[in-house]
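Here are some notes for a reader who is new to this structure. Please read them with the model open.

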Amino acid sequence: MKKRIDVYLSKNAEAASLAVFRIFFGIMMIWSIIRFWHNGWIESLYLEPKFHFSYYGFEWVKPFGNWTYLLFILCGLASILVLIGYKYRIAIVTFFLCFTYIELMDKTTYLNHYYFISILSFLLIFIPANAYFSVDAKLNPKKRFQFVPKWNVDAIKLLLAIVYVYAGLAKLNSDWLLDATPLRIWLPSKIDLPLIGELMGYRWVHYGFSWFGALYDLTIPFFLLYKPTRWVAFFFVVVFHVMTRILFNIGMFPYIMIVSSLIFFSSGTHHRILQFFATLLRINKSTFDNAIQFNLQPKLRKQLVYGTLTLFFSIQLLLPWRYLAYPGELFWTEEGYRFSWRVMLVEKAGYSQFKIVDGKSGKWFYVDNSDFLTPFQEKQMSFQPDFILEYAHYLKNHFESQGHENIEVYVESYVTLNGRRSTDYIDTTINLVEEKESFHHKKWIIPFKDDIKGI
């Protein structure tokens, strides 16, 4: 076994593949930052809210007020440096830290593709994506390599495969396959689309999209890996992600997945792409063709990189299964739901009315959530138990600061899941002030009154 691993680690690949990936990654990230700024989301998501929902263990991560704009500027500058491959290692580390900090500032904004970008940028820290067709390689011949270890390219392929396959496995549930939900709830609202709009109301279309989506996610990495089917598979990658972008407002994710899929192509394709850029920018591409291979040195550094990436991929493979440690329906409790590539599987809405009670006198009053939360925050809070708990503790601290004593916080919460009737969500007899956030099961969530079969 060790011999096979050593043989694999000794194989090389063209560094052009990493160069193309680096360039498109940089372009996508610059576009994302500009888009975020242009749409006013920095202000509406991070500056306007009075309160920010935190990830457990990262409560210290908060916006910096107006200095938050500087964080986005730094992230954008790092993206530009990654794109051109200048001071690459510093640039990619800076991008990873800035982007991940932005992601952690408020979990209201959680999206799978934000998490994907964070872990992908972390992976790129350990990969010499600046070895070829970069400013670093142009300025310093010692950083110029035509070949890199094959595992550098395969690591990106593996991460993409994990995302797709886990997204496909998550779709193997009775709601998605047997009831076509939530697509049968969402698609009829798209009847005003040109050409295809009239089809969106048909049940067979809902089932077709559901089944094709599951099959696509489960198989597309393997069709991309297999050379005879690669171009056909890439055609479906483009069609699938363009369609999802047309039908659903999911930001940059479709474009990121399309350009990321280019990593599966042969080095010849990547050389042609780089030659296009070289011609456009009047760069002599042959300067980088020196037939030299990059190797990790010294041995301690090599062992550190191998160990870190082994741990990294172990976490990526195991983390999505953590929901098995919790009782109850995952879609209902959401315990172990995030960071598991469960993409667009749930149509969930709720209503949560908080009651502040004086534990001694029994006097009470209701809270107007709009006094403390933005509409988007209130919407997300209303059906996610960790949000509800954190908000309850915030209300306790707020009203204590106003002179109230003996505060107890209760909530009347009702949630609907994938078109089912709204039903009680949180035990109304539980004083949420006495409950603490942890990785333990939240026993105060009322059990789901239906059954969703599947993974």
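**Notes on the model**

1. Helix α8 (residues 150-170) is mostly covered, with 17 of its 21 residues buried; buried means under 20% relative accessible area, exposed over 50%, and partly exposed in between (1.4 Å probe, protein chains only). Helices (H or I, at least four residues) and strands (E, at least two) are DSSP runs, numbered from the N terminus.

2. This is a predicted model, in which local features need pLDDT of at least 70, side-chain atom pairs count only at pLDDT 80 or more, and totals for chains, interfaces and linings use all residues. Residues are numbered from 1 along each chain as its sequence is written, and side-chain values use heavy atoms, with hydrogens and water left out.

3. How far apart are the end C-alpha atoms of α8? They are 30 Å apart, which agrees with the 30 Å that its 21 residues should span at 1.5 Å a residue; the expected span is 1.5 Å times one less than the number of residues.

4. Leucine 77 lies in helix α4. Leucine 77 is partly exposed, as its relative accessible area is 47%.

5. Strand β3 (residues 348-358) pairs with strand β5 (residues 407-417) in the antiparallel sense over eleven bridges; two strands pair if DSSP finds at least two bridges between them. β3 also pairs with strand β4 (residues 364-366), again antiparallel, over three bridges.

6. Lysine 355 stands opposite tyrosine 410 in β5 and opposite tyrosine 366 in β4.

7. Five residues separate β3 and β4 in a hairpin, and glycine 362 in the turn has a positive phi of about 85°.
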